[in-house]
Structures are given as C-alpha cells and as structure tokens.
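Please keep the sequence and the 3D view at hand while reading.

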Amino acid sequence: MSKIKFSFLLISILTIFTLLAGCGQTQEGNASSVSGELNFYTSQPDADAEKLISAFNEQYTDVNVTVYRSGTEEVISKVQAEKQAGEVQADVLLVADAVTFESLKKQDMLLEYKSSEAEQIPDSFVDSDGMYTGTKVMSTALVVNKEKVSEMPTSWKVLTDEGSSGQVVMPSPLYSGAAAYNLGVLTRHDDFDWEFYENIQANEPMITQGNGDVLKAVANGEKSYGMVVDFIVARAEADGSPVKLVYPDEGVPVITEPIGIMNNTDNQPAAKAFVDFVLSQEGQELAAEIGYTPIREDVSAPEGLKTIEEMNVLDADINELYQNRELDKEQFNQLFGE
C-alpha cells in the first residue's frame with residue numbers, strides 16, 4: 001500500500017471514530033451543556049409542577065427552575081404587567097388553553113419552536129406556526145356527591161333543574177382559564193347558548209375561584225353537583241372521596257394546557273430542553289402517573305379517565321373564542337355579579 005493511500009485510510013478511520021464518539025455523547029452532552037436559570041409560570045397545581053421539575057432536573061441537573069403558580073388569568077395578568085414594566089420574567093409558560101396562547105401569539109410574545117417530540121402528538125393540538133403545543137387532554141365534566149345523590153345524572157341539564165337549586169357550584173371564568181374556555185364553547189353551542197348559564201344563575205350557584213374549590217364543596221357535601229375538570233375528580237375517587245365523575249351525554253369541552261416559550265427568554269437552550277422533556281414519552285408517562293390524560297398517542301390514559309378518542313368533544317373556533325373572551329367574561333360578570 002502506498003504512503004498516500006495509507007494516510008488517507010488512517011484519516012478516514014480517525015474521522016469515523018471521532019464521529020461515533022460524538023454520537024455516543026449526544027444525549028448526555030446536550031444535557032450537561034444546558035444550565036442556568038429558568039422561570040416557569042404555570043396554572044398547574046403546585047404538587048404537579050414540583051414533580052415535573054424534579055423529573056426534569058434528574059436529566060438537567062444544572063438548570064435551576066423557579067416556579068410562579070396561580071390561576072391562568074392571574075398568570076397572564078402577571079405576564080402582561082411584566083411586559084408593561086419593560087421585561088417579561090417568564091421563560092416558559094404552561095397554562096390552561098389554546099385561546100390564552102393565541103392571545104400571546106397575536107401580541108408577538110412567543111418564540112417559535114417546533115419540538116421534534118411533537119411528531120407524536122395529533123396535529124390539532126399543535127400550533128401550526130410552532131408557537132405552542134398541547135401537553136395533556138383535560139375535559140370539563142360533572143362531579144357529583146354520591147352520598148347526596150341516589151341517581152347519577154347523564155346531562156348538563158342537572159345544573160339547571162329546579163331540584164338542583166342551591167346545590168350547584170362552578171369555577172369563575174374570571175380566574176380559571178378552563179372555565180373561561182368552557183364559557184366560550186358552551187355559549188356558542190345551540191344546545192346551550194347563554195340560556196344555559198342564565199338557568200344555572202337562577203339556581204343560585206356557588207361561584208369559586210378555581211376548580212379545586214368546586215371539588216372541595218362537592219366532596220364535603222356542601223353542594224351536590226359541580227362543573228369541574230375531570231382529572232381532579234378521578235384522583236379524589238381513587239383516594240376514597242364520596243364523589244363521582246360523570247361525562248354528560250351532550251359532550252364535554254376539552255383543553256390541552258399548552259406549553260410555549262416567551263420570545264425574550266435569556267435561556268433558550270434550557271427553555272427548549274424543558275419543552276422537549278414535557279412532550280417526551282418520559283414526560284407524558286409522568287403526566288399519566290400524576291393523573292392526567294396524556295396528549296401523546298403512544299402513552300395510555302390513567303384509570304378512571306376517558307381518552308380523547310372516547311370523549312364526545314364540544315368545541316368552537318379558537319380565533320372566535322380569542323376575539324370574544326373578554327366580552328364573554330364581562331357578560332358572565334354582569335349575569336353572576338362577580
């Protein structure tokens with residue numbers, strides 16, 4: 001073999017070994033190169049946010065995640081106040097619904113990021129411009145106190161029946177993003193419209209800030225029926241609470257708790273790694289373990305909850321909901337005197 005051919009062969013072998021070594025270090029190398037501060041704003045329950053961050057930090061040990069947690073409306077109010085002050089502090093946002101993210105998208109406050117993990121998520125739950133992606137499937141259904149009600153209802157109409165007067169509780173759309181989404185969807189459905197809410201108002205309902213207070217009022221027997229997100233009822237049932245989750249025959253509104261990155265983030269690598277982790281199979285299995293219906297098609301729903309394929313979904317045009325959200329809330333406020 002000539003010296004030239006031998007040299008060429010040696011260089012080629014060294015190049016291949018170098019590439020192979022690089023490939024072997026990709027996962028660990030990427031994780032170890034991601035570090036710094038990350039501000040995570042969310043409407044998730046505190047305990048769920050802590051589990052998510054703990055699992056993320058097992059892979060990304062050098063990222064310090066700081067959490068701000070409240071109802072969706074308060075989280076967004078904080079973000080808007082920070083914008084007015086000159087700098088949004090949040091790096092990653094995970095709140096109730098796509099309508100909320102659509103508003104931020106229109107204000108050019110989100111960073112385009114199309115995670116490769118989103119390939120396992122139905123297209124309808126992924127923003128086509130890459131500004132936000134759904135993280136789970138959460139329907140709003142009925143919660144019923146089994147010790148106060150002998151026959152389980154099958155329809156939303158139980159909230160408007162005269163026999164339910166003084167026995168209904170629901171979250172306020174002025175605080176809860178899920179409640180605001182439900183209000184927009186149901187008032188645009190022929191079977192409900194504003195008449196549905198007017199009839200609920202006639203039953204003198206208890207209006208709470210969040211879904212957790214709805215569950216509490218039904219579980220302790222203060223009220224018989226509530227309008228509430230499904231997963232907290234399934235958890236309570238599993239823990240032995242005297243409540244029952246009922247999916248009404250007419251169907252259920254569904255939110256997807258999207259995640260997105262603020263466009264002024266100072267730590268894009270950590271923000272993108274966090275989004276990737278939430279959407280990954282491991283992140284979705286964690287969501288199912290906590291008690292949510294995962295949004296990936298390759299992860300099963302936890303016991304007690306329907307999958308998206310099993311639900312009769314009530315929906316409405318996202319842009320119309322975005323355009324009318326404040327008007328809807330104002331009309332609700334006038335009707336219920338919030």
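A residue is called buried when its relative accessible area is under 20%, exposed when that area is over 50%, and partly exposed in between, with a 1.4 Å probe and only protein chains taken into account. The model is predicted, so that local features need pLDDT of at least 70 and side-chain atom pairs count only at pLDDT 80 or more, while totals for chains, interfaces and linings use all residues. Residues are numbered from 1 along each chain as its sequence is written, and side-chain values use heavy atoms, with hydrogens and water left out.

**The chain as a whole**

The chain has twelve helices and 13 strands, where helices (H or I, at least four residues) and strands (E, at least two) are DSSP runs numbered from the N terminus. Along the principal axes, the C-alpha atoms fill a box of roughly 95 × 45 × 35 Å, and of the 338 residues in the chain 51% are buried.

**Salt bridges**

Side chains of opposite charge can pair when their charged atoms come close. A salt bridge is counted when a side-chain nitrogen of Lys or Arg is within 4 Å of a carboxyl oxygen of Asp or Glu, and the structure holds 14 of these salt bridges. One of them joins the side chains of Lys329 and Glu73, with 2.6 Å from N to O. This pair links distant parts of the chain, since Lys329 belongs to helix α12 (residues 318-336) and Glu73 to helix α4 (residues 72-85), 256 residues apart. Both Lys329 and Glu73 are buried.

| Pair | N to O distance |
|---|---|
| Lys329 and Glu73 | 2.6 Å |
| Glu82 and Lys78 | 3.4 Å |
| Arg296 and Asp298 | 2.9 Å |

Glu82 and Lys78 both lie in helix α4, four residues apart, which is about one turn of the helix. Glu82 counts as buried because its relative accessibility is 9%, whereas Lys78 is partly exposed because its relative accessible area is 28%. Elsewhere, salt bridges that share partners join Glu73, Asp97, Arg325, Glu326 and Lys329 into one network.

Where is Asp97 placed? Asp97 is in the loop between β3 (92-94) and α5 (98-106), and it is buried because its relative accessible area is 0%. The side chains of Asp97 and Thr100 are also joined by a polar contact of 2.7 Å, a term for a pair of N or O atoms within 3.5 Å, of which, within protein, one must be able to donate a hydrogen and the other to accept it, and for which residues adjacent in sequence count only if both atoms are side-chain atoms.

Asp108 is in the loop between α5 and β4 (110-111) and has a phi near 55 degrees, a positive value in a residue other than glycine; with a relative accessible area of 57%, Asp108 is exposed. Glu204, in the loop between α7 and β7 (206-208), likewise has a positive phi, about 50 degrees, although it is not a glycine, and Glu204 is exposed because its relative accessible area is 62%. Asp190 is found in the loop between α6 (177-186) and α7 (193-202), and at 77% relative accessibility Asp190 counts as exposed.
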